Amino acid sequence: MSRDIFLILVFTLLTLTAWVVFEIYHAGSKLYITQDVRDLARPLDPTLSIKTLEALKKREP
Amino acid sequence: MIFSPYLRVTPKKGYTLLIMTLVSMIVFGVFAIRPSLVTVATLKKQVADLESVNESMKLKVQNLATAQTIYLENKPHLYLVDASMPDENVVPQFIQDISTKVALAGSSLEAIKVTKGGKNEDLLEYQISMSVACTYPQLTGILTFLEKSLLTSNVTSVSVRPHQKGAYSIQAEINVSLYQYEGN
């Protein structure tokens, strides 16, 4: 009887360990940034095509 | 006492201790260790995510400052960009410009045909076919005007044949691709 309870508890402990590991993995792989913030953080290219602007200046009648 | 054999008889005592230890580990694991570890993992990931957002924002602020400098330097000429590719229908302006130019050059614009072409990304294309009766110097003047026009256009073909009547020596068929901005 005591041995059966012991075995049940050992397997319960193993299950608990697996649960904790998976929950930690889930918490670590989830993204905590909203879509709005991701849109705001999108890179901005500051370059202006001076070559095109020079070409346009030449076209100016 | 009902628990006495479990605490005095050696084999039972051993199992009892083991069972009690496991029970305490399971209870402690479920109600204390698991939430703590999950909270730690969550907070670490949040910090990492927000640090990456912070880095992106810092870079964006730097890029905005650079962009502001560049745009302020070029502000006097930025109207050229809008003028070359307006977001409204460019065809009436083009026809008006070319009609004025042809009239000033002393030539005759005999026919003009506009066909709406395809849309490539943000650009809408118009195919414009013109028939102009003129002299050779007048034709070169019209082509120079088209090259220098601020509207984004491309002379795709010019065909010339002798003109039969009037003072003009040639009849020119000019095909032009005209582009209009359709973004936003």
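The legends below describe close-up views of a predicted model. Local features need pLDDT of at least 70 and side-chain atom pairs pLDDT 80 or more, while totals for chains, interfaces and linings use all residues.

**View 1. Helix H5 of chain B, residues 136-148.** H5(B) has 13 residues and reaches 18 Å from its first C-alpha to its last, close to the 18 Å expected at 1.5 Å a residue. That expected span is 1.5 Å times one less than the number of residues; helices are DSSP runs of H or I with at least four residues, and strands are runs of E with at least two.

**View 2. The buried face of H5(B).** Gln138(B), Leu139(B), Ile142(B) and Leu146(B) are buried. Buried means under 20% relative accessible area and exposed over 50% (1.4 Å probe, protein chains only). The cover over the buried residues includes helix H3 (50-59) of chain A and, from chain B, helix H4 (91-105) and strands S2 (123-134), S3 (153-162) and S4 (170-181).

**View 3. The interface of chain B and chain A.** In chain B, 42 residues are in contact with 36 residues of chain A, contact being heavy atoms within 4.5 Å. The area buried between the two chains is about 3,600 Å², with 74% from carbon and sulfur atoms; this is accessible area (1.4 Å probe) lost on putting the parts together, summed over both.

**View 4. The salt bridge between Glu23(A) and Arg34(B).** Their side chains meet at 2.8 Å, N to O.

Notes. Residues numbered from 1 in each chain as written. Chains lettered and ligands numbered in written order. Heavy atoms only, no water. Arc of directions from axis to C-beta. Salt bridge = Lys/Arg side-chain N within 4 Å of Asp/Glu carboxyl O.
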